[in-house]
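Please keep the sequence and the three-dimensional view side by side while you read, and look up each residue as it is named. The walk goes from helix to helix and then turns to some details of the backbone.

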Amino acid sequence: MGQALNGVIPVICVTLAGLACMLAEAFRQRGERMPIGGLGLIGLAGAGSAIVLLWGRHTESFGVVVADDFGLFVQLVLVGIGILTILFSSAPIERDKLPAGEYYALLLFALAGMMLMAVATDLLVIFLALEVFSLAVYVMTGLRRHVFASTEGAFKYFLLGGFSSAFFLYGIAFTFGLVGSTHLDRVAAAVAAGSLTGNPLLLVALGLLIVGFAFKVSAVPFHMWTPDAYEGAPTIVTGFMSTAVKAAAFAAFARVFLSALEPLRGDWAPVLWVLAICTMILGSVVGVAQTSLKRMLAYSSIAHGGYLLVALIAGNDVGKASILFYLLVYAVTNLGAFAVLALVSTPETPREHLDDFKGLWQSSPVLAGVLTVFLLSLGGFPPTAGFVAKWYVFSAAISAGQYSLAIVGVLTSVISVFFYLRIVVKMYMSEGPEGAAPPQPSRTALAALAISVAILFYLGVLPARLIDLAAGSVASIF
Amino acid sequence: MAVVPILSLLVALPLVGAVLLLFVGNRDHERDRFIQWAALGISLAEFAATLWMWARFDPARADFQMVERADWIPSFGIQYAVGVDGITLFLVVLTGFLTPLALLGSWQSVHKKVREFSFFMLALESAMIGVFLSLDMFLFYLFWDAMLIPMYFLIGIWGYDRRVYAAVKFILYTMAGSVLMLVAILSLAYMHSVATGSYSFSYEALLTLTIPRHAQVWFFLAFALAFAIKVPLFPFHTWLPDAHVEAPTAGSVILAGVLLKMGTYGLLRFAFPLFPDAAAYFSPLLATLAVIGIVYGALVAMVQPDMKKLVAYSSVSHLGFVVLGITAMNIQGVQGAVYQMLNHGVSTGALFLIVGMLSDRRHTRLISEFGGLKHVMPKFVAAFFVVTLSSIGLPGLNGFVGEFLILFGAFRWNVTFATIAATGVILSAVYMLWMFQRVNYGPVTNPKNEGLKDLSTREWWVLGPAIAVAIVMGVAPSYFLNPMKPAVNRIVSRMAEAEPSKVVRVAPEAGADVLLTAAADRHSGTTGPAPRSAGE
């Protein structure tokens with residue numbers, strides 16, 4: 001029993017921290033200030049150290065969880081996202097009057113679900129994990145109960161998300177019907193045996209699974225919920241869900257399709273190819289037309305999902321490793337960008353629209369500079385990590401012979417540069433309104449921003465170690 | 001013997017200085033002067049370092065010198081590799097020479113955010129030198145892309161009225177061209193891994209690849225598009241007048257002086273030697289565009305009411321000469337092209353500085369606003385005159401040598417191109433002298449011009465060095481041409497083995513089908529036919 005638990009220790013740490021947050025909130029006197037986020041940090045630190053200890057051991061738990069390096073890498077990314085989000089959160093929570101205990105508890109439960117999803121090797125456990133984090137994220141989207149858009153976004157997200165979960169579950173049911181098991185190893189064995197080749201029910205199962213995953217990674221045409229949910233959610237929650245949900249979903253997506261269903265590549269690759277092309281094009285083109293910054297970044301994150309799909313389709317060793325690298329870089333960058341958005345808004349001057357950023361450079365040069373680094377990294381400019389991440393993904397596409405994906409990818413990234421630069425233009429090249437009080441971010445938030453920027457420059461200039469690490473962790477499983 | 005890693009020093013020095021400048025507190029502009037002097041000092045130290053590199057350069061060698069290599073991303077064979085040869089030597093020196101002039105030239109005209117202005121100028125210098133020195137395609141692309149950001153900010157923040165439009169157009173145009181080059185670079189590296197078993201982005205390793213001709217066509221087009229936009233070659237030039245006109249003086253100087261050279265440098269260093277067969281096949285097309293650019297640029301320059309726009313269009317014309325020289329691919333043509341890159345940097349850089357000085361005084365650049373300046377600012381007009389003549393290509397000044405060599409090389413290759421291009425020389429005399437005449441001669445018609453101050457000491461320091469270099473390069477060209485020769489020879493002799501006929505023979509027979517099957521070949525990825533290595 002003790003052995004069996006090892007593989008899920010990181011998940012347990014985070015769950016316990018979530019429970020502690022709930023308890024703390026229950027015992028909190030009205031008006032009392034309590035560092036509830038600190039409990040989360042402790043739990044995440046525990047999870048992080050557990051991940052480091054588990055590294056390279058390929059620990060199995062209960063037959064449905066394998067803590068291999070691929071899953072642990074994604075878990076590490078998720079822990080990092082969690083830590084940064086908590087560091088950013090204190091000011092936005094106070095400003096939006098979010099219930100702190102519930103917020104942190106939900107955040108940690110969501111993370112626990114995501115971390116489970118990254119290491120699950122059974123379709124049903126993947127579904128369970130998916131539901132755990134989805135429910136938490138639905139609620140987090142609607143945390144600003146008094147704001148109409150927040151409720152609307154949460155409701156849309158919930159309804160469509162419920163739908164897609166049903167599709168996913170249906171896909172699992174079909175798989176079970178064909179194979180007699182939901183375990184990925186069994187599925188892999190049955191598929192590899194070839195007796196199912198050409199079976200239409202298998203194609204149905206594939207299609208339903210793709211719909212479920214495509215919804216979670218907001219691939220076009222399953223992206224409809226994304227802009228509304230992202231816009232309605234509290235900004236810091238948007239940052240969290242745009243990065244963490246993607247990381248967890250892509251981990252499971254890659255695990256299911258690149259290991260168990262790899263022999264069926266000929267069936268699913270063309271479908272994903274179309275999804276990837278549509279996602280990249282729509283994400284970047286529609287992003288150009290946005291004036292709300294949150295919507296703009298929502299479309300940008302759709303486009304980035306497209307680049308990750310490119311790596312998934314490439315599917316060779318370079319492709320798998322580039323998924324991990326890209327997820328990490330994208331997580332730091334996108335979370336940072338949303339965090340700046342959350343930090344520059346003050347109750348007197350909410351900054352959500354493009355014009356609100358006029359002259360930000362004059363009033364708060366540090367935040368403007370940091371946001372610029374994030375935007376340049378999203379746009380893929382050297383010497384930031386975004387450039388290396390894009391280069392890695394497109395290398396994967398080319399080494400798999402997917403020239404068309406690489407070309408569409410680079411061209412759409414030029415389009416998206418246009419709207420990233422629109423923000424830069426507003427910040428630096430327009431005069432701002434006089435006398436707007438500059439936002440005063442807390443010291444922890446500034447520290448988190450500094451860490452993020454340092455990571456981006458470090459990985460932009462010296463990426464070799466992380467590339468080797470990513471390549472090493474995919475080598476162990478697929 | 002402990003050797004100083006001089007090339008890395010060249011790349012790092014301005015950037016380190018720029019970052020240090022950011023830490024100088026300057027809340028109420030109280031340290032503006034200090035920052036300007038510090039930036040000037042850093043750029044002068046950089047210039048001194050480029051001269052030191054020149055002193056250590058061995059002019060007899062054709063290969064890369066002072067090479068430094070270090071593994072960077074070993075799993076993809078990416079190295080930090082820098083080196084200099086006869087072609088890049090002077091481009092680097094030119095960069096080192098123009099940056100201090102540009103900084104000194106904007107001493108008065110940049111008031112806001114002096115610290116950030118200096119930061120971007122120095123960061124830009126690092127990136128530009130990095131582009132010239134890189135021997136690894138990944139490193140090259142990294143600098144190539146990174147360079148856009150400081151230039152974007154320089155145009156967008158310190159430019160004139162339509163600066164935002166110009167800055168965005170500049171960056172999008174350039175990026176749109178260069179991302180396809182990125183795909184081609186990645187494909188080359190992948191091809192190397194198929195042929196030899198390991199990835200490599202090293203320029204010299206990629207030179208040894210034997211690239212199938214159909215692939216060469218695609219790669220060459222991707223590279224050529226990126227560079228043609230940068231040059232800019234007609235019809236990709238439309239970003240240039242906007243960027244030049246809206247950029248601050250320092251931005252224009254660097255843009256014209258160095259950035260445009262990167263396009264022609266890229267053609268010469270990468271597009272031609274890496275894909276010789278395709279290059280030879282497409283040479284006539286490129287030359288046609290170059291010649292159109294020469295005449296078109298000159299004609300459009302003639303009718304410009306705005307001096308800065310006139311100089312901008314003259315750049316289109318002058319850079320057309322450079323491309324013509326490269327496409328001629330004989331020793332005179334290429335040497336002339338490299339020489340003309342330097343000339344254009346010096347004389348057009350000086351022209352932009354001169355226009356900037358007028359614009360600082362009068363806040364207008366319209367030719368019609370001036371007239372009779374000779375009576376008011378005789379020293380200025382004298383300097384202006386020398387620079388104008390150097391731009392026209394008067395014998396005894398630098399422009400003549402380059403244009404002469406290019407035309408000579410072009411005549412040896414194709415008389416038609418050379419003949420049409422030669423009219424560009426005449427046209428350049430027409431538009432430059434006509435502009436000069438309208439601005440400087442005649443009576444002082446506009447009362448606002450009566451009280452204009454002549455050149456200040458600072459401005460002498462800006463224009464003096466440029467004029468001196470123009471004269472030296474005009475009377476002692478061999479001093480510059482000799483070190484270039486071995487490196488130019490190396491490229492020309494490589495190109496002499498090119499067989500455009502094979503590309504030609506394939507293309508008309510099967511037409512587009514061949515290209516499609518070529519693409520399909522490569523789509524099949526690892527199963528496709530491996531390119532033969534040069535050893536076979």
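In chain A, helix 3 and helix 4 pass each other in a left-handed crossing. What you are looking at is a predicted model, and in it the two helices pack at an angle of about 160°, with their axes 10 Å apart. Angles over 145 degrees count as roughly antiparallel, and helix 3 of chain A and helix 4 of chain A are therefore roughly antiparallel to each other. On the side of helix 3 of chain A, the residues that take part include A:Gly37, A:Gly40, A:Leu44, A:Ala47 and A:Ile51, and they meet residues of helix 4 of chain A, among them A:Leu72, A:Leu76, A:Val79, A:Ile83 and A:Leu87. Sorted by class, this contact has 11 nonpolar residues, 5 polar residues and no charged ones.

An α-helix has 3.6 residues a turn, so residues three or four places apart point the same way. With this in mind, you can follow the numbering of the contact residues in the view.

Helix 3 of chain A, which covers residues 36-54, also packs against helix 5 of chain A, residues 100-119, at an angle of about 15° and with the axes 9 Å apart. That angle makes helix 3 of chain A roughly parallel to helix 5 of chain A, and the crossing of these two helices is right-handed. Here A:Ile36, A:Gly37, A:Gly40, A:Leu44, A:Ala47 and A:Ile51 in helix 3 of chain A meet A:Gly101, A:Tyr104, A:Leu108, A:Leu111 and A:Met115 in helix 5 of chain A. This contact is made up of 8 nonpolar and 3 polar residues, with no charged residues.

Return now to helix 4 of chain A, residues 69-96, where A:Leu84 is found. Is A:Leu84 buried or exposed? Its relative accessible area is 10%, and since buried means under 20%, A:Leu84 is buried. Apart from neighbours within four places in sequence, A:Leu84 is in contact with A:Leu335, A:Ala448 and A:Ser452. A:Leu84 and A:Ala339 are 255 residues apart in sequence, while their C-alpha atoms are 9.2 Å apart in space.

Further along chain A, helix 7, residues 148-179, and helix 9 have axes that come within 8 Å and cross at roughly 150°. That makes helix 7 of chain A roughly antiparallel to helix 9 of chain A, and the crossing is left-handed. Among the residues of helix 7 of chain A in this contact are A:Tyr157, A:Leu160, A:Ser164, A:Phe168 and A:Thr175, and those of helix 9 of chain A include A:Leu201, A:Ala205, A:Leu209, A:Gly212 and A:Lys216. The residues of this contact divide into 17 nonpolar, 5 polar and 1 charged.

The loop between helix 9, residues 200-216, and helix 10, residues 225-232, of chain A holds A:Ser218. Phi of A:Ser218 is near 40°, which is a positive value in a residue other than glycine, and A:Ser218 counts as buried at 0% relative accessibility. A:Phe62 is not a glycine either, yet it has a positive phi of about 55°; A:Phe62 lies in the loop between strand 1, residues 59-61, and strand 2, residues 65-67, of chain A.

In chain B, begin with helix 3, residues 86-105, whose 20 residues should span 28 Å at 1.5 Å a residue; the end C-alpha atoms are 29 Å apart, which agrees. This helix of chain B is mostly covered, with 20 of its 20 residues buried. One of the residues in helix 3 of chain B is B:Thr95, which counts as buried at 0% relative accessibility. Leaving aside neighbours within four places in sequence, B:Thr95 is in contact with B:Glu125, B:Met128, B:Ile129, B:Phe132 and B:Val258. The C-alpha atoms of B:Thr95 and B:Thr50 are separated by 8.9 Å, although these residues are 45 residues apart along the chain.

Finally, look at the loop between helix 9, residues 213-230, and helix 10, residues 239-246, of chain B, where B:Pro232 has its place. A cis peptide bond joins B:Val231 and B:Pro232, with omega about -10°. B:Pro235 also lies in the loop between helix 9 and helix 10 of chain B, and the peptide bond from B:Phe234 to B:Pro235 is cis, with omega near 0°.

Conventions:
Residues numbered from 1 in each chain as written. Chains lettered and ligands numbered in written order. Predicted model: local features only at pLDDT ≥ 70, side-chain atom pairs only at ≥ 80, totals over all residues. Heavy atoms only, no water. Helix = DSSP H or I, 4+ residues; strand = E, 2+ residues; numbered from the N terminus. Expected span 1.5 Å × (residues − 1). Buried < 20%, exposed > 50% of the residue type's maximum accessible area, 1.4 Å probe, protein only. Axes fitted to C-alpha atoms, helices over the stretch in contact; angles between N-to-C directions. Parallel < 35°, antiparallel > 145°, perpendicular 65-115°, else oblique. Left-handed = near helix turned anticlockwise from the far one by under 90°. Contact = heavy atoms within 4.5 Å. Nonpolar A, V, L, I, M, F, W, Y, C, P; charged D, E, K, R; others polar.
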